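Below are my notes on the model you sent, as numbered points. Please read them with the structure open.

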Amino acid sequence: MQPHDQPQPQVQAFFDPATWTVTYVVFDHPGGHCAIVDPVLDYDPKAGRTRTASAGKVVDFVRAQQLSVQWILETHAHADHLTAAHHLRDVLGGQIAIGAAITQVQKVFKGIFHLEPGFHADGAQFDHLLADGESFRIGSLQAQALAVPGHTPACMAYQVGDAVFVGDTLFMPDVGTARCDFPGGNAHTLYQSIRRLLALPPDTRLFMCHDYPPAGRAPAWQTTVATQRAHNIHVHDGVGEDEFAAMRTRRDATLEMPVLILPSVQVNIRAGDLPPKDDNGVAYLRIPLNAL
């Protein structure tokens, strides 16, 4: 699918400064249909308490624009924030979708967290598992799922007209690319995924899932294929696969684990549902010691 052969989407971004995450509402027109991409559930790690203030901003926008939610799209099982997908589906409707390879991630983390026997690593927690190249509609908009593994095995980008929501494959050009040292990550695979995205037409709009701006720059999240190819500090044109993989491996060895990786992953592989409550009516997260 060529981006400019289709009606172009309208995109509204919501930046969460607590996790540096950008949530998107992509829609055809006011009063029409939309998809929500990578929504955030607020989580206070000191108190173990969730809130829905960030998701509430999305709800308010969707209702103000009189949009019907068809999809709640996850680019991957995030390690830096909890997803509000389950909450938003309860409030606004729609189907929660993620890449079909999420089952690989679920199998790994079911073991790491020693989850309850009732948790099945079959993707059934999501309403729909998207295959690479699968097409779907958002109202009058044609969309396509693009598998972009490397950061995780299940990473998926979503192309909607001239816009692509890239997840954690790419960051803004002055920040670079995503880490590859999580279970199932691979720097060579990420390079190939990035080149797939950068083969799209030069003026294709690319929307980041995160921004970690250097000092002196305000957060930003939209760029183009042409800008990334010219200026991305890790993977601009001329950087080869082996050079990239060596750089990425050295850099990843210096990075700490994300602050919210332990609470977020075990919720996100459940599509944002919380673990089942114990017989005292309280749900508990599991913190494996010396496992990561």
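1. The lining of the largest pocket in this predicted model comprises 34 residues. Those nearest the centre of the pocket are Thr19, Trp20, Asp80, Tyr212 and Pro258. The space inside the largest pocket comes to about 700 Å³.

2. Which elements each supply at least two residues of the lining of the largest pocket? They are β4 (40-44), β5 (49-51) and α6 (241-252). The largest contribution to this lining is that of β4, with five residues. By class, the lining of the largest pocket holds 17 nonpolar, seven polar and 10 charged residues.

3. For the second largest pocket, the volume is about 250 Å³. Its lining is made up of Tyr43, Gly48, Arg49, Thr50, Leu82, Val267, Leu274, Pro275, Lys277, Ala283, Tyr284 and Leu285. Eight of these lining residues are nonpolar, two are polar and two are charged.

4. Strands β4 and β5 also belong to an open sheet of three strands, in the order β5-β4-β7 and with antiparallel pairing. Since β5 and β7 are the edge strands and each has a single partner, one side of each is left without a neighbour in the sheet.

5. How many bridges join β4 to β7? There are two, and the strands run antiparallel. Leu82 of β7 has Leu41 standing opposite.

6. Helix α2 spans residues 85-92, and its buried residues are Ala85, His86, Leu88 and Leu92. These residues lie on the same side of α2, because the arc they cover around the axis is only 165°. Their packing partners are β3 (33-37), α1 (53-64), β6 (68-73), β7 (82-83) and β8 (95-99). Just after the helix comes Gly93, which has a positive phi of about 85°.

7. Strand β3, one of the elements packed against the buried residues of α2, contains His33. Is His33 buried or partly exposed? The relative accessible area of His33 is 31%, so this residue counts as partly exposed; the cut-off for buried is under 20%.

8. Beyond its neighbours within four places in sequence, His33 makes contact with Val26, Phe27, Asp28, Leu67, Ser68, Gln70, Ile138 and Gly139. As for a distance across the chain, His33 and Val225 are separated by 192 residues in sequence and by 26 Å in space, C-alpha to C-alpha.

9. The model also has one cavity of 30 Å³ or more, as found by a search of the whole structure. The volume of this largest cavity is about 100 Å³. Helices α3 (102-113) and α7 (261-268) are the elements that give two or more residues to its lining.

10. Which residues line the largest cavity? The lining is formed by Ala77, Ala79, Val105, Phe109, Thr152, Pro153, Phe182, Pro183, Ile261 and Val265. Nine residues of this lining are nonpolar and one is polar, with no charged residue.

How values were computed
Residues numbered from 1 in each chain as written. Predicted model: local features only at pLDDT ≥ 70, side-chain atom pairs only at ≥ 80, totals over all residues. Heavy atoms only, no water. Buried < 20%, exposed > 50% of the residue type's maximum accessible area, 1.4 Å probe, protein only. Helix = DSSP H or I, 4+ residues; strand = E, 2+ residues; numbered from the N terminus. Arc of directions from axis to C-beta. Contact = heavy atoms within 4.5 Å. 1 Å grid on protein atoms, 1.4 Å probe; cavity = no way out; pocket = protein on both sides within 12 Å on 5 of 7 lines; lining within 4 Å. Points joined across faces, edges and corners; volume = space filled by probe spheres on them. Nonpolar A, V, L, I, M, F, W, Y, C, P; charged D, E, K, R; others polar. Pairing = 2+ DSSP bridges.
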